[in-house]
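Here are my notes for you on this fold. Have a look at the model first, then go through the points one by one.

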Amino acid sequence: MDTKTILNDRVAKYLEEKGFKIIRTEPSHKYEGVNVFIFESTPKLRAEIKKLRN
């Protein structure tokens, strides 16, 4: 399964509200004290993230 890692908790909450499920959370390996949110990477999820960027 392909996954998409989201660092921003506001974006993760938005995606959850849109019906996407968080697979798991884990501490960031790059940024100390930050949790990352792991979602299944689907075309629908990628399209939603693309809308946020525009």
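1. Two terms to begin with: buried means under 20% relative accessible area, exposed over 50%, and partly exposed in between (1.4 Å probe, protein chains only). Helices (H or I, at least four residues) and strands (E, at least two) are DSSP runs, numbered from the N terminus.

2. This is a predicted model, where local features need pLDDT of at least 70, side-chain atom pairs count only at pLDDT 80 or more, and totals for chains, interfaces and linings use all residues. Residues are numbered from 1 along each chain as its sequence is written, and side-chain values use heavy atoms, with hydrogens and water left out.

3. Which residues of α2 are buried? They are L45, E48 and I49. These residues sit on the same side of α2, because they cover an arc of only 95 degrees around the axis (the arc of the directions from the helix axis to the C-beta atoms). Over on the other side, P43, K44, K50, K51 and R53 are exposed.

4. Now zoom in on E48, which belongs to helix α2 (residues 43-53). Its relative accessible area is 9%, so E48 counts as buried. Ignoring neighbours within four places in sequence, E48 is in contact (heavy atoms within 4.5 Å) with Y14, L15, K18 and F20.

5. What do the buried residues of α2 pack against? The partners are β1 (3-6), α1 (9-17) and β3 (35-40).

6. As for the sheet, three strands make an open one in the order β1-β3-β2, with antiparallel pairing (two strands pair if DSSP finds at least two bridges between them). At the edges are β1 and β2 (22-27), each pairing on one side only.
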